[in-house]
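Come and read along with me.

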Amino acid sequence: MATPVAGTPGAMLELDGLTRRYGDRIALDGLSFTVRAGQVLGFVGPNGAGKTTAMRIVLGVLTPDAGEVRFDGAPVDAATRARFGYMPEERGLYPKMRVTDQLVHLARLHGASAAQAREATERWLERLEVAERAGDRVEHLSLGNQQRVQLAAALVHDPVALVLDEPFSGLDPVGVDALAEVLAERAATGVPVVFSSHQLELVERLCDAVAIIRDGHLVAEGTVDELRARGGRGLWRVHVEGASQEWAGTVPGAEVVGDGDAGLLVRLPDDGDEQALLRAAQGAGRVRRFAPEEPRLVDLFREVATVARGEVPAG
Amino acid sequence: MRGHNAIWLVARRELVERSRERSFIIGTIVTLVILAGVIVVPELLGDDGPDEARVAVVSPAGEEVVQAAGAAQGATGLRVIGVPVADEQAARAALEDEEADAALVGDAPRIVVVEELEDDLETALQQASAGVRAATALEQAGADAEQRQAVLAPPPLEVAPLEPTDKGDDELLIITFIALFLLYVQLIGNGYMISSGIVEEKASRVVELLLSAIRPRQLLAGKALGIGLLGIGQLLVIGVFGAGLALAVGALEVPAGAVGALGVVLVSFALGYAFYATLFAVAGALVPRQEELQSSSTPLIFLLIAAFFVSFQVIDDPDGTLGVVLGFVPPCAPLVLPVRIIGGEPALWEIVGGVIVLLAATAALVALAARVYSNAILRTGSSVKLREALSGGGGR
């Protein structure tokens, strides 16, 4: 880069106590989480939870009422921010500008030299397979190709951190794979990557870590395994041949949370005794399956969101 | 990225992208063609030399009259050319063949025409005939050549205007008008470009991507700078083309006046553009789509039209009270001051004072526009009320 600034790949991105109000409505309420260097973090939460507001604050498009964003341990200034890569939720490029001119312009606004900008534009257009449309106006591209150019716009200045708001929405499966590959590749160079998504299977597959927010604050954060371990604690899949589910009610604290072909899904309290559950099952009939359940992220998400709702004091 | 660098990058994009637009190129060419027409057509009409009339002559007496008419060409501006023919019949033939406009026939010549005699030619021939008769009479009375000259061709009466005019005054009036018109068109055109450029970025949502790299003020300043430079460049091309063409066809008697006027126009544009750009930026920042831009920019267009019309009044009396006063009214000053400088003789303090007031107003508006723009630019969904944008109830 022409103007070296604080922050190189390999640094971590921290959101610390971000608070933002719109009039009477609180969009963010002391949101904090960290994206480590080289980590791909999935940022999930129901609509209106504050994901877009948080990302806009990271990019300096919005200013927080309180809290700060740190990169490499230091509060982010304009020069550092210019080296972040961003894909806004509402996609947008200059419709009448040619693809190459547009990407070169954006790269230069982010601080790249003219030569770097040209080189990177060519490289990304090749990589994302839109090189043959390099001389076309953006408005003449198909939606799929516009998406690719939009992604190139987030990458063309070799960003030291990537913040992508719903990058997978609207992509076909091939596009999803291509984007997933690019994100993993950027992370491998030490860049912290954070993206929001409603496609939880995708988040589960691609992300090293997940942050779940609701009503403007964090309700769960950790690696996928950590969250699984947490959410999966006390969750058992029990298949008893020919038995109805009444038997489970005899075990203190046990709660049936699901029923399917694979058997009942039973949750035990933290101090619950799975041996008691097993004995009760054996008492009810022939046990075909008894195993701790690996929860899917979507289950965790539902659970966490529900718990969070439960936490909100009535009134 | 350093601030001025970002501003320059944005400005350069505006310059490059807009100067490539077909509408811009066509607009510039149309302006040049119209200007060429305004300059060249009067020259073509006015410079085809004095009118000519051909008169067939049969008798020596007729020839004498035609010669006298030819000598007195200056009086009517009509050049009378004698066409000697053999006899009256030949004269009639010449008339019918349109080889002659009139014929003088007989020793005491009659004027023979096909249908009607043109007024100019009649005046020339009658005056010439009278002169010939008077000369003959004087000669017979014994007057010598000098005396005859004194009687028949006395020195012309001197004309003494109460308000002497300069040779280049008409020309100056035309230059003033062209300058005013160019300024007006350019201010409206480039002002609207700012509004629609801002709306383009809002409507296409690209603005959020831009603002993740640079500050709103840098984006606004760069846009205004780029479009302003484009306007100055376009004016320069039009001005140099116009002045060059006028010189080439000899339409300018006072070339220095035109060159000076061009300089005044460029400086006035820069000042006027800076003032109006802030207002057009506000008009653009408040609306989400091009369709709604008309409602927010209409008051501004009317303001410019009003300024144009009052400045038009000032052309007639550049140093009158109206002109002096309006020179201190910021929305009018960018049009009134150049009219006064080019067409009149304003006092230096009037110009300097007017410019200072204009600059002060611009500085105040820049602060206001930057605030409104920053507050409203990310509110891409619907129109923003000016009061809300000013109070900062917006996105930032």
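I looked up the crossing first: H11(B) passes H15(B) in a left-handed crossing (left-handed if the near helix is turned anticlockwise from the far one by less than a right angle, right-handed if clockwise). This is a predicted model, where local features need pLDDT of at least 70, side-chain atom pairs count only at pLDDT 80 or more, and totals for chains, interfaces and linings use all residues. Residues are numbered from 1 along each chain as its sequence is written, while chains are lettered from A and ligands numbered from 1 in the order in which they are written.

I then noted the geometry: H11(B) and H15(B), residues 348–376, pack at about 20° with axes 8 Å apart (axes are lines fitted to C-alpha atoms over the stretch in contact, and angles run from 0 to 180 degrees between N-to-C directions). H11(B) and H15(B) are therefore roughly parallel (under 35 degrees; over 145 is roughly antiparallel).

Who makes the contact? I found Leu271(B) and Phe275(B) among the H11(B) residues, and Leu358(B) and Tyr373(B) among those of H15(B) (in contact means C-beta atoms, placed from the backbone, within 7 Å). By class I read 16 nonpolar, 2 polar and no charged residues (Ala, Val, Leu, Ile, Met, Phe, Trp, Tyr, Cys and Pro are nonpolar, Asp, Glu, Lys and Arg charged, the others, Gly among them, polar).

Next I turned to H14(B), residues 333–343, which packs with H11(B), residues 255–285, at about 165°, axes 9 Å apart. H11(B) and H14(B) are therefore roughly antiparallel. Their contact includes Gly272(B) of H11(B) and Pro338(B) of H14(B).

Technical notes. Helix = DSSP H or I, 4+ residues; strand = E, 2+ residues; numbered from the N terminus. Parallel < 35°, antiparallel > 145°, perpendicular 65-115°, else oblique. Contact = placed C-beta atoms within 7 Å.
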